Amino acid sequence: MRFTSALKTVAIGFALYASNGAALAQGGRNAEEAKKEEAAVRAEQTAKQLGLDPASKLPPATVPVDPQNIWDLDLSSGGRVRIQLRPDIAPTHVERIKELTRQGFYNGLKFHRVIPGFMAQGGDPKGDGTGGSTLPDLKAEFNPMPHLRGTVSMARAQSEDSANSQFFIVLLPRMQLDKKYTVFGRVIEGIQYVDAIHQGEPPADPTLILQASIESDGKPPVTALPTPPAPAPSIIAPLPAKKPVPAKKPVATKKK
């Protein structure tokens, strides 16, 4: 009897252990699923904060180099800066940059606002931050690309839809600008020349864009502004000089 009772006790103990073990395993699975659900909720909340559709995919951080989407800036402070344009995230802004570039709009313009550790801003024909092209302002194309070192973004006034021709190159990361300005490219070569842009608001000796070009157009780098052409000679023959008319002598009156 005692032996049988002992066997029953051991059997009950094994049953309880197996039951507890199954409960623990089930609890582990539930905890893992809870973590996954929590991560999914956090991702959805982050996407909403960024103004994104949770089902949409983030754009790639980099894209293949295509000469049709490389913006070359030859600077008076030395060197060519190569900027990868991103029509996949800001198609209208990239098209504006290409249009103005091929018009020669940016040639000779200066970087009028350069803040150390922040950014270098240019693209204003007035040179004081208040100007733009004659083309209409652009509707914002805010995107999730961050404002990292070398990011190129469009400057604007207070209105979100007021970008036109001015742009800025980020010198150090400034994430607080994300989703507030339209990122349309990033420096892929020549960041040292960006660092050499003369500083100031405005700079005493501003750095100029000697030439802006789209790489597929094949324009060679320039190191100085072109010399203005000499005035064309006049095709109108000058009038012959008039001979001086001798002054008339006063006529003496005869005395009677």
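These are my notebook entries on a predicted model of one chain.

**Ground rules.** I count residues from 1 along each chain as its sequence is written. Since the model is predicted, I take local features at pLDDT of at least 70 and side-chain atom pairs at pLDDT 80 or more, with all residues kept in totals for chains, interfaces and linings, and side-chain values use heavy atoms, without hydrogens and water.

**Layout.** I looked up the secondary structure and found three helices and eight strands. Helices (H or I, at least four residues) and strands (E, at least two) are DSSP runs, numbered from the N terminus. The order along the sequence is α-β-β-α-β-β-β-β-β-α-β. Of the 256 residues, 31% are buried. I use buried for under 20% relative accessible area, exposed for over 50%, and partly exposed for in between (1.4 Å probe, protein chains only). Next I checked contacts, meaning heavy atoms within 4.5 Å. Among those between residues at least 6 apart in sequence, 70% join residues at least 24 apart.

**Helix α2.** I checked the length of α2 (residues 91-103). The expected span is 1.5 Å times one less than the number of residues. Buried in α2 are His93, Val94, Arg96, Ile97, Lys98, Leu100 and Thr101. They pack against β1 (70-75), β2 (80-85), β5 (151-154), β7 (183-189) and β8 (209-214). Gly104 follows the helix, with a positive phi near 80 degrees.

**Cores.** A nonpolar core here is a set of buried Ala, Val, Leu, Ile, Met, Phe, Trp, Tyr and Cys residues joined through side-chain atoms within 4.5 Å. The largest has 33 residues, and Trp71, Leu73, Tyr106, Phe167 and Phe184 touch the most other members. Two or more residues each come from β1, β2, α2, β3 (111-115), β5, β6 (167-170), β7 and β8. A second, separate core has seven residues, including Ile115, Met119, Phe168 and Val170. I then listed the contacts of Phe184, leaving aside neighbours within four places in sequence. Among them are Trp71, His93, Val94, Ile97, Val152, Met154 and Phe167.

I worked on a 1 Å grid over the protein atoms alone. A cavity is a set of points where a 1.4 Å probe fits but cannot get out; a pocket is an open set with protein on both sides within 12 Å along at least five of seven lines; lining residues have an atom within 4 Å of a point. Points join across faces, edges and corners, and a volume is the space filled by probe spheres set on them.

I found one cavity of 30 Å³ or more. The largest cavity holds about 40 Å³. Its lining includes His93, Leu138, Phe142, Met154, Arg156 and Glu160.

The largest pocket holds about 280 Å³. Of its 17 lining residues, Ala61, Thr62, Arg86, Met145 and Arg186 are the closest to its centre. β7 gives the most to this lining, with four residues.

The second largest pocket has about 150 Å³. Gly129, Asp137, Arg156, Ala163 and Gln166 are among its lining residues.

**Glu201.** Which loop holds Glu201? Glu201 sits between α3 (191-195) and β8. At 54% relative accessibility, Glu201 counts as exposed. Leaving aside neighbours within four places in sequence, Glu201 is in contact with His112, Arg113 and Ile115.
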